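The sequence and the model are shown first.

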Amino acid sequence: MSKEVYGIVAKVFSISESDVNDSSSPENIESWDSFNGLILVDELESHYNIKFTISEITNVKNVADIKKHLKNHNVELNE
Amino acid sequence: MEKKLSEYLSLAKNINISKNEKKIKVGILGSFTLNGLDECLKVKCSEQNIDYESYIGNYNQYNQEILNSESGLYKFEPDITFLIIDNRTILGDLFHNPYSVSDKKRREIVDEKFGEIKNLIEIFQEKLNKKLVICNFHIPYFSSIGIIENKSDFGFHEMINELNKKLVNFVKVKNSIFIFDYNQFVVKHGEKNVFNYKQFFLGDIKIAFDYIPFFANDLIGYIKPILGLNKKCIVLDLDNTLWGGIVGEDGFDGIELGHSSNGKAFVEFQKQLLSLWQQGIILAINSKNNLDDAIKVIKEHPDMILREKHFASIKINWNDKAQNLVDISEEINIGFNSMVFFDDDKLNQERIRNEFPEVLTIDLPKDPSQYTEILTDLNDFNVLQNTEEDSKRGEMYAQQRQRNQFKETVSNLEQFLNQLEIKVKIKKSNEFTIPRISQLTLKTNQFNLTTRRYQEEDIKKFVNDGNYLVGCAQVTDKFGDNGITGAFIVKKENNIWTLDTFLLSCRVMGRGVEDAILSHIIDDAKRNNVKEVKAEFIHTAKNKPAENFLKDFGFIKQENYWNYKLNNDVEYPNHLEMEVE
């Protein structure tokens, strides 16, 4: 369900879903500031009904990291 | 259902400043991260057709913004400023270890903290003559001494309580300063929801994302009355709205009201409506029913809380509900934008929503147990000041019904006016009348020559300025006191008097009161050897009733102004009595 994650990322940062991939990061998405980053955390947590730890949140460098943490929380991502 | 913060963030991107008639400039000063609040306010204002502009103080810079006269806040000159300081910021270390010092010291610290805030308020007032809303402080559920917290002398909870009390007492007499009961806000939603440790650690966020929209909604409760957008009248259906079941089918004894669980829900809803009525909210009925069946319930049902006397207008018939709403609006002279419509029937809701989008139509669910909460969650009935006229409004509308009945018994208007025993008392502007004068300028749409809207602070400015004359008129008649229902502001310049504002509440329109007040002003001008009296008529969508007033009074149009020849004798309508304070 990579696509689903991309969709959430796209919505939070107000960009097109096709512009999101695993290497998307604050470096290449302009609206990915610290506040919107936290909004993304909030959206993912409520969507998948999970709670990230603070370390997971602060360690995220790009979308691939988000997917990795989601898998740690047993979220099925059918690639 | 409240939307999520993320939704507000994306909605806010598509809002451009448009040309709405209503505009508000908001300042936000906070001691912690309040990102998202601005967007929520913007969207919520746009939903009310308000143009929203804001100034957001830098993170935790509220002291600098207020103390420095050159600050961005003062340059922006917001109509209303929200000062949001949290309990951790104000108490510092003492938030965690209040018992490390003596109770005497704790008292001193509370005095000192109160002094700091008092100073901020006073400086703000000195530098900016606009409204300020300060959040009070939340009392956390936790205390390090646990269950004996309230046995300690001036304990942790009492400290915050005392600080809040001092704030309230200080602000009580200040008309343009308000306290937002943030403690109650947290109580309403729950501390464990509003304060999210993770968000706090990650970004110094002290109101969790999910609750920012609710917080914004409560703050909008201050903006609506500033712009005169508060609701004044609740229009109610009967069957399944004020009682359960259909009286025409189930009968007087068959409806659900009191006793049963559903019946209790309707009683509770009615009690809440009654308490709003006591605050001056007008109630009206719009119901498809046999009049006899329904009126019998209202008059005789032992568990009915609302009775005939509580309703300013009663439309129980088989007419179209939209037409009934028009009739109610005309009967009590209240615009659709001041109305809230409660009806359990989805089709009726749809009908009114389509026909009158300016009416606040409530999406009433099937389950009556939710009715009371829906009513108490509305932030549309707020006023910034309760004038005497507000709390007496219910009574006044009952008198108005009597007047109308009386009008039907006399043969012509002249006779009606003669027998009404109208008295007009011209009053000066003072601390008692200024709030009402401001309120009249904000709310009066129909008989209003210029429709200039003035906040209390503006009126005070006029009063203190020797070049202005500000007054108002109280109107009584044999049925009772209409309260202060007319107001005027006259600009005195180079021996010329210009009517900046001249208005009359629709409640007393068409009884010669407007002529009496204007005659008084003209008289006054003559006595002061004024050369000329000028007036303006600024046309709006709603002030047609005042359109011909100046012409009929004897003013002559000269370019943009209307002029009155002061060599004419001043005539007062002879059916009323005048008194000048």
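**Notes on the model**

1. E493(B) is partly exposed, with a relative accessible area of 43%. Here buried means under 20% relative accessible area, exposed over 50%, and partly exposed in between, with a 1.4 Å probe and protein chains only. E493(B) forms a salt bridge with K491(B), the closest N and O atoms lying 3.8 Å apart; a salt bridge is a side-chain nitrogen of Lys or Arg within 4 Å of a carboxyl oxygen of Asp or Glu. K491(B) is likewise partly exposed, at 30%.

2. On the basis of these notes: this is a predicted model, in which local features need pLDDT of at least 70 and side-chain atom pairs count only at pLDDT 80 or more, whereas totals for chains, interfaces and linings use all residues. Residues are numbered from 1 along each chain as its sequence is written, chains are lettered from A and ligands numbered from 1 in the order in which they are written, and side-chain values use heavy atoms, with hydrogens and water left out.

3. Over all chains, the salt-bridge rule gives a count of 35. One of these joins K67(A) to D22(A), with the closest N and O atoms 2.7 Å apart. The pair links distant parts of the chain, 45 residues apart: K67(A) belongs to helix α4 (residues 63-72) of chain A, and D22(A) to the loop between α1 (2-13) and α2 (34-48) of chain A. Helices (H or I, at least four residues) and strands (E, at least two) are DSSP runs, numbered from the N terminus. K67(A) counts as buried at 3% relative accessibility, while D22(A) counts as partly exposed at 29%.

4. Elsewhere, salt bridges that share partners join K11(A), D42(A), E43(A) and K4(B) into one network.

5. Chain B is divided into domain 1 (5-226), domain 2 (233-377) and domain 3 (410-580); the bounds come from an automatic or database domain assignment. The C-alpha centres of domain 1 and domain 3 of chain B are 41 Å apart. Seven residues of domain 1 of chain B are in contact with seven residues of domain 3 of chain B, contact meaning heavy atoms within 4.5 Å. These two domains bury about 620 Å² between them, 30% of it on carbon and sulfur atoms. Buried area is the accessible area (1.4 Å probe) that two parts lose on being put together, summed over both. The rule finds one salt bridge across this interface. K131(B) and E457(B) form a salt bridge, their closest N and O atoms being 3.2 Å apart.

6. Rings of Phe, Tyr and Trp (its six-membered ring) pair if their centres lie within 6.5 Å; planes under 30 degrees apart count as stacked, over 60 as edge-to-face and the rest as tilted. The rings of F180(B) and F185(B) have centres 6.2 Å apart and planes at 55°, so this pair is tilted. Both F180(B) and F185(B) are buried. A further tilted pair is formed by F406(B) and F416(B), at 5.7 Å centre to centre with 40° between the planes. It links helix α19 (residues 393-409) of chain B, which holds F406(B), with helix α20 (residues 413-419) of chain B, which holds F416(B). F406(B) and F416(B) are both buried.

7. Ring pairs also link F82(B), F178(B), F180(B), Y182(B), F185(B), F215(B) and Y222(B) into a cluster. Two lysines lie over rings: K296(B) over the face of F252(B) and K534(B) over the ring of Y561(B), the latter at 4.1 Å from the ring centre. A charge sits over a ring if NZ of Lys or CZ of Arg is within 6 Å of the ring centre and within 35 degrees of the ring normal.

8. F342(B) is found in strand β9 (residues 339-342) of chain B and is buried, with a relative accessible area of 0%. Its C-alpha atom is separated by 7.3 Å from that of I234(B), 108 residues apart along the chain. Not counting residues up to four places away in sequence, F342(B) touches a set of residues including I234(B), F269(B), I362(B) and L378(B).
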